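This briefing covers selected local features of the structure shown below, grouped by topic.

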Amino acid sequence: MDILKEDTIAAIATPFGTGGTGKIRISGPQAYQIGDKIFSSVKKEKKISEQETYTAHYGHIKDPETEKTIDEVVAVMMRGPHSFTGENVLEFDCHGGMTPLRAVLDLTLKHGARLAEPGEFSQRAFLNGRIDLAQAEAIIEVINSKTEKSLDLAVDQLNGKLSEKVDQIKEEAVEILAHLEAAIDYPEDEIEGFSPAELGDKFNYIKEEIEKLLKSSKQGKIYKEGLKTVIVGKPNVGKSSLLNYFLEEKRAIVTDIPGTTRDVIEEYVNLQGIPLKIIDTAGIRETRDAVEKIGVERTRKSAEKADLVLFMLDINQGITAEDREIYKLIKDKPLIVIVNKTDLPAKIEKAKIEKEFSEHSVLWISLLEEEGLNELKDDILAEILDEEIDTDAETVVTQSRHRDALVKAEEAIERVIVSHETNMPYDFLTIDLKDCLDGLGKITGETVADDILDRIFNDFCLGK
């Protein structure tokens, strides 16, 4: 994305569709001149370009060539550098609906703006130093949050919690680097610095802090993206009933007729702040029904891609050949075996089921009587969370890009520690210490290549 700072950009900044209000956002040096041309205040007061920052003005958007009124709006102005982009920003709060919004946007483009590219407002905020790259990425995380916990983590990152932690580690590394380079450049001078033991402690501190962030990344990714959880089993074992229980509504059709669910049904549920993408699948069985065959094949593919599989059995039917065939497909996945319908007479002893599926957790439930369901939720959480992380107290990494950068930084500091412990010359230490700083700098955007920046901001929506 080529950003020319002399350009003024504009875009619709609210979702497409009909609503109460919609927003046109304009940013750049000509924002207020464009406003002067197309906005008319009802009070006939000063022009937009003459107004104070952080003020709102009621009026109309008019085509200056025809004097035709396009919409009734509120104009909000924020002068740079104290705006989101760091530039002059003008926003028109219009009536909702695509027709008035497009008409107003077309006028802004006609009178000097160009259409913003995806993420260009946020990219300008980054380039103008209003936010760093980690904060910019948090904007999308806030928008895409699926639970309150994932929203909390995104807001923490937007407010700079991760950036502050990374900067803290970088400051330690920069201090050491300055000491080492001074000792290299002025070997004849007695420069007061760190003893070998102190250097070792500082290197280990950097490694430990990076490891803490990496440790949080697995759980952070779960809170951000959720886990694809697939319910599988033969027909009529209670898969759709289990989905309905999680959703607390009758989302899936439940009947006694085998093959009722013919396609995968996907819904997000909130399990103690973790978004679970629960997927109810068609029952796996041999069938001549063409539509059901497609559903069964989709079930197999969903199970292959799942992060967690809930394998359901019917205690009233015992373990059948179909059950064993399904188990062969999923046994190597993270798996919880759920034995349903414990309110009915058992056709097989519990001990035999536990023995056959001894490699996995086996849970006994009755969806009809709502028994064992709290234990099921606990088991799911235990399967997902290897170790509980206090997300309120700790800095949590949620982005895969950040994790990759931390891995590189960790590898570099480990090389520094080895070089230090083997009494290598300071030149070797400084090279790897700079690599460590480079990895950390990628998180906040100090050392990120332009093509990576373009890729990140192109994932943003228009108007953001």
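**Backbone, helix packing and burial**

Tyr54 is located in the loop between strand S3 (39-41) and strand S4 (55-62); helices (H or I, at least four residues) and strands (E, at least two) are DSSP runs, numbered from the N terminus. The model is predicted: local features need pLDDT of at least 70, side-chain atom pairs count only at pLDDT 80 or more, and totals for chains, interfaces and linings use all residues. Residues are numbered from 1 along each chain as its sequence is written, and side-chain values use heavy atoms, with hydrogens and water left out.

**Backbone geometry**

- Most residues other than glycine have a negative phi, and most peptide bonds are trans.
- Tyr54, although not a glycine, has a positive phi of about 60 degrees.
- At 54% relative accessibility, Tyr54 counts as exposed (buried means under 20% relative accessible area, exposed over 50%, partly exposed in between, with a 1.4 Å probe and protein chains only).
- Lys341 is likewise not a glycine and has a positive phi, of about 70 degrees.
- The loop between strand S12 (335-340) and helix H11 (350-356) holds Lys341, which is partly exposed with a relative accessible area of 22%.
- The peptide bond from Gly80 to Pro81 is cis, with omega near 5 degrees; Pro81 belongs to the loop between strand S5 (69-78) and strand S6 (89-95).

**Packing of helices H13 and H14**

- Two packed helices are described by the angle between their axes and the distance between the axes.
- The axes of H13 (residues 400-421) and H14 (residues 426-444) come within 8 Å and cross at roughly 165 degrees; axes are lines fitted to C-alpha atoms, for helices over the stretch in contact, and angles run from 0 to 180 degrees between N-to-C directions.
- H13 is therefore roughly antiparallel to H14 (angles under 35 degrees count as roughly parallel, over 145 as roughly antiparallel, 65 to 115 as roughly perpendicular and the rest as oblique).
- The contact (heavy atoms within 4.5 Å) involves residues including Leu406, Ala409 and Ile413 of H13 and Phe428, Leu433 and Leu440 of H14.

**Burial along helix H10**

- In helix H10 (residues 321-330), the buried residues are Asp323, Ile326, Tyr327 and Ile330.
- These buried residues fall within an arc of 105 degrees seen down the axis of H10, so they line one face of the helix; the arc is that of the directions from the helix axis to the C-beta atoms.
- Ala321 and Lys328 are exposed on the other side of H10.
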